[in-house]
Amino acid sequence: GFPLYTACVYTHMRTPPTASDASRRLALSLSAALLAAPRTAAWSAAPERESSEPELVRLYDSAASQYDSLDSGPLASALGLQALRAQATDLCRGRVLEVGVGTGLNLPLYDPGRCESLTAVDLSPGMLREARPAAAALAPRLAVDLQLMDAEAMRFADASFDSVIDTFSLCVYGRPERALSEMRRVCKPGGRVVLLEHQRSGGALGAYQDATSSAAARLGGKGCVYNQDVAAMARAAGLRVVRQQPALLGVVALYETVPV
């Protein structure tokens, strides 16, 4: 989901901002937050994962019916996240696996002309329930197989999919490196693992993320640890980054990776 600070920036806006205005307002708001943030050792400390798997399931089950109000719509479009989702899904070909499908925000974006089949998994029954209408709408053009499954221990055989995609879910997994290793395992040699994720930016903004990540995850971030080094984790999981496209001052990035 969105980082807490992003949601706060637009809480009192009466009309949706343009993409350029959204970036400008976000930069100004983050600058103010940086000046106000306490200068403590937390600036360089990595956040700890505080949610167990059952707690994470309860969190997302309870948020499922309201999830799209924050992660889609005018705000997401103004910030360019809908366009990034479209770019990410456009990289998918052949047999596709979406990990952490959530409420199915990406499902309308897949191209049936390029995708042979689409399997989508999530740990939350509530999120999968919300995804069913989008899956049904896509079904006449592309069959969608929704499955309840843990991203860190998927029940698929090795090299099962041509494309594996994860959007804004890596930040909530208890063991994100394990989830990435599973994505690499089920991806065919020569296939693609596509990641659209929150990540740690550089400089003072990255330091601000370090200082606020744990609190944001607890207080509105739906458990999302938004200061991860996604590129380093991908490499550690056996994935080679072939393209990286940062956005929103570097706090979000689209990665195209291949199994090593």
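**Sheet.** I began with the sheet of this predicted model. I took pairing as at least two DSSP bridges between two strands. Strands (E, at least two residues) and helices (H or I, at least four) are DSSP runs, numbered from the N terminus.

**Ground rules.** I number residues from 1 along each chain as its sequence is written. Local features need pLDDT of at least 70, side-chain atom pairs count only at pLDDT 80 or more, totals for chains, interfaces and linings use all residues, and side-chain values use heavy atoms, with hydrogens and water left out.

**Whole protein.** I counted ten helices and seven strands. Buried residues make up 53% of the 260 residues. Buried is under 20% relative accessible area, exposed over 50%, partly exposed in between (1.4 Å probe, protein chains only). The protein exposes about 11,300 Å², and carbon and sulfur atoms supply 54% of that area. The areas come from the Shrake-Rupley method with a 1.4 Å probe; for residues, only the protein chains shown count as cover. I then checked contacts, meaning heavy atoms within 4.5 Å. Among contacts between residues at least 6 apart in sequence, 71% join residues at least 24 apart.

I went to E2 (residues 115-122) next. Five bridges join E2 to E3, and the two run parallel. Threonine 119 has aspartate 145 in E3 as its bridge partner. Which residues does leucine 128 touch? I found Val101, Gly102, Asp122, Leu146, Gln147 and Leu148, not counting residues up to four places away in sequence. Leucine 128 belongs to helix H7 (residues 125-138). It counts as buried, at 7% relative accessibility. Leucine 128 and leucine 146 are 18 residues apart in sequence, yet 7.1 Å apart in space, C-alpha to C-alpha.

I looked at E7 (252-259) from both sides. E5 (187-198) and E7 pair in the antiparallel sense over six bridges. Glutamate 197 stands opposite alanine 253 in E7. E6 and E7 also pair in the antiparallel sense, over eight bridges. There, leucine 239 stands opposite proline 259 in E7. E7 is mostly covered, with seven of its eight residues buried.

The hairpin of E6 and E7 has four residues between the strands. I noted a positive phi near 50° at leucine 248. Leucine 249, in the loop between E6 and E7, has a positive phi of about 60° although it is not a glycine. Leucine 249 is partly exposed, at 44% relative accessible area.

**Helix H8.** I traced H8 (residues 176-186) over the sheet.

I stopped at two residues between E4 and H8. Phenylalanine 168 is in this loop. Its phi is near 55°, a positive value in a residue other than glycine. Phenylalanine 168 counts as buried, at 5% relative accessibility. Serine 169 is found in the loop between E4 and H8. Serine 169 is buried too, with a relative accessible area of 10%. I list Val99, Gly100 and Glu197 as what serine 169 touches, not counting residues up to four places away in sequence.

**Rings.** I searched for aromatic pairs: rings of Phe, Tyr and Trp (its six-membered ring) with centres within 6.5 Å, stacked if the planes are under 30 degrees apart, edge-to-face if over 60, tilted for the rest. The count comes to one aromatic pair. Why is the pair of phenylalanine 156 and phenylalanine 161 edge-to-face? The ring centres are 5.1 Å apart and the planes stand at 85°, so the pair is edge-to-face. Both phenylalanine 156 and phenylalanine 161 are buried.

Last, I checked for a charge over a ring (NZ of Lys or CZ of Arg within 6 Å of the ring centre and within 35 degrees of the ring normal). Arginine 95 lies over the face of phenylalanine 161, at 5.2 Å from the ring centre.
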